[in-house]
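Here are a few friendly notes to read alongside the model. Please keep the viewer open as you go through them.

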Amino acid sequence: MSPQAFSYIASGAGAEETAHKNKNAFQRYSIVPKLLNDVSELDTSISLFGKTYPTPFVLAPVGVLKQADEQGDFAVTRAASKFGIPFIQSTVSSFSIEEVGQSSDGPKWFQLYWTSLEDISFSFVKRAEEAGFEAIVVTIDTVTLGFREKDLFHGYSPLAHGYGQGNFESDDVFLSTLDEVSNSAIVDGIIKQINYPALNWSHIEKLKEKTSLPILLKGVLHPDDALRAVDCGVEGLIVSNHGGRQLDGVISSVDALPEIVNVVNGKIPVLFDSGVRRGSDALKVLALGADAVLIGRPYVYSLAVHGEQGVEQFLTTFLQDFNSSMTLSGVKDINQLKQMKIVHD
């Protein structure tokens with residue numbers, strides 16, 4: 001990647017306190033293995049929203065992937081499909097919902113950034129449903145862009161460079177808002193639509209009426225928001241601080257997870273995002289009560305290094321690491337893993 005593109009992917013907001021905290025917080029949680037169990041055959045499968053997946057992993061939504069590799073979302077979803085791992089396509093992806101939907105037969109979810117004109121949001125959701133996507137992930141922590149000092153230093157915006165317009169330039173509702181259909185008008189229109197500080201619970205309730213797909217809220221850190229989400233009828237939560245890219249100085253995702261799991265109390269699935277780099281990280285997250293684990297930046301780096309084959313090799317290695325961690329912890333399936341003892345130092 002170019003230095004600007006790499007900085008965009010790798011950096012966090014502000015002083016990057018939260019970005020560093022996400023990774024470092026894992027060191028305060030220790031696995032307590034329980035041994036002399038037969039772990040010769042592992043079962044890493046999970047069930048979510050009436051479907052069974054062979055691993056507890058999901059590839060997190062990352063926009064503008066074309067800046068890492070020309071094949072972008074296509075390469076990632078093709079690699080993920082070989083492992084049965086869901087890929088979450090971003091609203092600001094480089095290719096359209098329909099193109100990504102047709103690029104592989106693997107499971108796909110769609111991530112929604114709420115737009116200023118809600119009819120555009122509803123159009124995206126309808127398109128995702130018709131394209132065979134299995135869930136809608138509403139990112140709720142990006143009602144405005146975080147103060148990303150490194151992007152400001154570089155004067156870099158991938159949206160302004162046209163990397164994230166795949167869904168917008170193919171959407172009739174969005175195009176109808178433009179005075180002219182040109183590249184510059186599309187870019188300006190996206191930047192105008194993508195931030196929406198007025199987003200609130202009423203929008204989620206309205207979205208519930210517009211789709212039959214499971215709705216997950218991504219960006220939940222406060223237990224009150226978790227409880228409100230359950231009451232609102234959403235089907236899942238993703239504990240996340242956006243990889244430290246939004247509000248700097250917030251709680252690490254892994255520190256927020258136990259209380260969220262406690263208040264939700266099994267009513268809906270709780271997924272985890274932000275800071276996972278190794279199989280042992282994922283093991284700790286699942287032992288703390290998460291139902292599935294999102295992986296973000298590592299697959300983007302792998303995409304940049306060697307495209308689809310790079311993502312495939314990363315997933316192969318990550319799963320080997322995770323399976324080895326399970327075996328050495330003395331657990332043979334995810335249910336046993338979720339009962340494993342974790343000590344907070």
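1. Leaving out residues up to four places away in sequence, Ser252 touches Lys21, Asn22, Ala25 and Asn241 (contact means heavy atoms within 4.5 Å). Ser252 sits in the loop between strand 9 (236-239) and helix 11 (253-264); helices (H or I, at least four residues) and strands (E, at least two) are DSSP runs, numbered from the N terminus. Its side chain makes a polar contact with the side chain of Asp255 at 2.9 Å. Here a polar contact is a pair of N or O atoms within 3.5 Å, where one must be able to donate a hydrogen and the other to accept it, and residues adjacent in sequence count only if both atoms are side-chain atoms.

2. Ser252 is buried, with a relative accessible area of 0%. Buried means under 20% relative accessible area, exposed over 50%, and partly exposed in between (1.4 Å probe, protein chains only).

3. A word on the basis: this is a predicted model, in which local features need pLDDT of at least 70 and side-chain atom pairs count only at pLDDT 80 or more, while totals for chains, interfaces and linings use all residues. Residues are numbered from 1 along each chain as its sequence is written, and side-chain values use heavy atoms, with hydrogens and water left out.

4. In helix 9 (residues 201-210), the buried residues are Trp201, His203, Ile204 and Leu207. They lie on the same side of helix 9, because they cover an arc of only 155° around the axis (taken from the directions from the helix axis to the C-beta atoms). Their cover includes strand 6 (108-112), helix 5 (118-130) and helix 10 (223-232).
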